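Biologist: Show me how to read this model, one feature at a time. I would like the general idea, then the case at hand.

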Amino acid sequence: MQSKKTVVSKMITYGMVILAFVIVFALDQSGLISRHMRSMLVPIGINIILAVSLNLTVGFLGELTLGHAGFMSVGAYAGCLFSIYTADLLPLAARFPLAMLLGGIVAAVFGIIIGVPVLRLKGDYLAIVTLAFGEIIRSVIINLNFTGGASGLKGTPQDSTYPITFVVILIMLFVIMNLVESKHGRAITAIRDNRIAAEACGINITYYKLLAFVVAAFFAGVAGVLFGHNYSILTAGTFDYNMSIEILVMVVLGGMGSIRGSIIAATVITILPEALRFLEDYRMLIYAVVLIIVMIVNASPRFTGMRDFLSPKTWIAILTKKNNGKEAA
Amino acid sequence: MKKYFAMMMAAVMAAACFTGCGSSSSTEGTEGGDGATTEGGATIVIGGIGPLTGDYATYGISAKQGAEIAIEEINEAGGVNGVTFQLLFEDDQADPSTAVSAYNMLMDDGMDVSLGAVTSGACIAVAEESQQDGILLLTPSGSQKECTQYDNSFRICFQDPDQGTYSAEFIKDNGIAQKIGIIYDKSNDYSVGITDSFEAKAAEIGLEIVTKQAFTDQSNTDFSAQIQAVKDAGAELLFLPIYAQEAAYILTQADKAGLETIFFGVDGMDGILEKIGAENQALTEGVMLLTPFAADAQDEQTVAFVEKYKAAYNATPDQFAADGYDAIYTIAAAFEQTGLSSADDEGFNEAMIAAMTEITVDGLTGTMTWTADGEPSKSATAVVITDGVYKAYGLE
């Protein structure tokens, strides 16, 4: 049985995403949103999926992995190739969900292949091995012919739209938030907090580690499929370690183990470099500086205090206290 | 102190939001020749996209600067049909997804004609978008085949495979060598495309490729293994369809390894003189490259362009700058051909696209005409580096 607090917290997360979508949709329908803004909606959604799924391994399982872009690329290529070959056979309504499912499954299979040997490692070692995995995937894709090699995979139908991305986000939130709250999720966080104690309690460490790792890989693959169907060209070079690190930045900025935080951070990090375009030559410099400032401020105790005061949690606590008082009276 | 930081950050973010979200955000960008623009006169907005930051920044910056010079010249001369031109140039870091965002931003800013993107991958992504909008796309340097796969897209540079074909023909026709070694960048689409067509043509006309060595962008500083393989294979000529930075490494290391072949590059090798540095300039002696533009050419047009470019940016223009310059003049010529008076005229886009196949442009990179599939037809020329100067082949 879930506590009232977690149910409310989950509802806030869903509500936030739905509200954001409704606002964007309304603005889009009334033509108030610029093309530049609209073209960023799908990338924002993709980054949300990536950040939240990575949060499962980094935040909840407590294992630092840097291979998320690798899983994303595997899923992207699988889904895009599927779409290219079935473009004339299947209608969009069947093809695109199947492509996403396939991309997710292929990425999950890779998650198992990588996870079984690699999850024996922890900390820095795991980070380095997963980083290497991402680079291996990239090199392999470049050297294969059916992936288009270095020149990239072309001709993927452009099926990704922001309403579809929104639906995928909701499905992902449903799966991951329920997983985290479930018995499995508690086992995963137990491994993070004290591995030895968790093992002593009879938790199958390998199984739960792999579970979190594979679920994260699955959604990274789905995000990859969305990404691949958003542009007419897919190049392996996009999925380098910089991308893995960027996703990690979103997770760290949003707060380890905070799904809502990951969503907000993914949105901010995606918009920021585009919003700074007016700075022209100084754009990437200022982007980096802003990132540093955000990280410093985010970690400062005073800001944390202010954030806690503004957070819905505080207000829920205040409100529930009031209600309790009324009931007692 | 932290409060100050937070406030500063908030201010930056707020400012960023306003500029980013506004549908008609600032359009000052990089307008050239403000002094000459007639007040209230119609303006055609040309939108360029290219890497201004990141690994490939030199190409984007060159193309942008070349285009700026052309804009300035045209506007100073009073524009075309009374219309002046304005260039807006956005950074894409050579990344297709960023390029699409930049394209949409430029559309928000009222772009009438697109310069596509400077790099191929980004240009393919942009071409897809521009095709939906129906505007003319003229990429200065997007060399992959798919950059111009739609009816609305054209290019200034050669298509990748053409360079490979021309190189093989040139080597054969001039009897430069018979046994050829290749070192190419397997992770780079440009390099792979040229290598493939070079191989195909070489097989057809009877050149012997004795060895083909690959590297990737992860291993592009040490070429000793590849150079040794070329040496062992007994190549007379080493074909280098790669960019200048790697070519500079190869020339230096080949010298140390005692490899004495002829070196033959393509347009990506342009800029080798700066990359290799003055102290190693002797190594470039006799290096040949196939390039449509040489900054040291003595024709009037090139001399004038190089002079202006040096004065404005304190750098020697490379081929990308010339491509950018030619792209602007081509757009101006196409506009003149349409006979329209502004970009708001009905049928502007269709007229511009139709005009592309009717015009002949005498540019820095040769005299060009275009076919309906977007390919320029111009002659390929090779230069030989002599005493640190590009000299046309046969005249050195």
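Biologist: How many residues of domain 1 and of domain 2 of chain B are in contact?

Modeller: Contact means heavy atoms within 4.5 Å. Nine residues of domain 1 of chain B meet nine residues of domain 2 of chain B. The model is predicted: local features need pLDDT of at least 70, side-chain atom pairs count only at pLDDT 80 or more, totals for chains, interfaces and linings use all residues, and side-chain values use heavy atoms, with hydrogens and water left out. Residues are numbered from 1 along each chain as its sequence is written, while chains are lettered from A and ligands numbered from 1 in the order in which they are written.

Biologist: Where do domain 1 and domain 2 of chain B run?

Modeller: Domain bounds come from an automatic or database domain assignment. Here domain 1 of chain B is 35–158 + 301–377, and domain 2 is 161–291. Their C-alpha centres lie 30 Å apart.

Biologist: What does chain B hold overall, in helices and strands?

Modeller: Helices (H or I, at least four residues) and strands (E, at least two) are DSSP runs, numbered from the N terminus. Chain B has twelve helices and 15 strands. Take burial next: buried means under 20% relative accessible area, exposed over 50%, partly exposed in between (1.4 Å probe, protein chains only). Of the 396 residues in chain B, 57% are buried. Contact range is another summary. Of the contacts in chain B between residues at least 6 apart in sequence, 70% join residues at least 24 apart.

Biologist: Now a sheet. In what order do the seven strands of the open sheet in chain B lie?

Modeller: Two strands pair if DSSP finds at least two bridges between them. The order in chain B is S7-S6-S8-S9-S10-S14-S15, with mixed pairing. At the edges are S7 (208–215) and S15 (389–392) of chain B, each pairing on one side only. For angles, axes are lines fitted to C-alpha atoms, for helices over the stretch in contact, and run from 0 to 180 degrees between N-to-C directions. Direction ignored, neighbouring strands of this sheet are turned by 25 degrees against each other on average. Helix H7 (224–233) of chain B lies across S6 (179–185), S7 and S8 (237–240), at about 170 degrees to S7(B).

Biologist: Is S14(B) enclosed or open?

Modeller: In a regular strand the side chains alternate between the two faces of the sheet. So check both faces. Ala382(B), Val384(B) and Thr386(B) lie on one side of S14(B), Val383(B) and Ile385(B) on the other, and all are buried. Five of the five residues of S14(B) are buried, so the strand is largely enclosed by the rest of the structure.

Biologist: Which strands pair with S14(B)?

Modeller: S10 (288–290) of chain B pairs with S14(B) in the antiparallel sense over three bridges. There Leu289(B) has Val383(B) as its bridge partner. S14 (382–386) of chain B also runs antiparallel to S15(B), joined by four bridges. On that side the partner of Val383(B) is Ala392(B), and Thr386(B) stands opposite Val389(B). The hairpin of S14(B) and S15(B) has two residues between the strands, and Asp387(B) takes a positive phi near 50 degrees.

Biologist: Why do S11 and S13 of chain B each have one side without a neighbour?

Modeller: Read the strand order. The three-strand open sheet of chain B runs S11-S12-S13, antiparallel. S11 (360–363) and S13 (376–377) of chain B are at the edges with a single partner strand each, so one side of each has no neighbour in the sheet. S11(B) pairs with S12 (366–370) of chain B over four bridges.

Biologist: Last, helix packing. How do H3 and H4 of chain B cross?

Modeller: A crossing is left-handed if the near helix is turned anticlockwise from the far one by less than a right angle, and right-handed if clockwise. The axes of H3 (96–108) and H4 (120–133) of chain B come within 8 Å and cross at roughly 35 degrees. The crossing is right-handed. Residues in this contact include Tyr103(B) of H3(B) and Val126(B) of H4(B). Sort them by class: Ala, Val, Leu, Ile, Met, Phe, Trp, Tyr, Cys and Pro count as nonpolar, Asp, Glu, Lys and Arg as charged, and the others, Gly among them, as polar. The contact of H3(B) with H4(B) has eight nonpolar, three polar and two charged residues.
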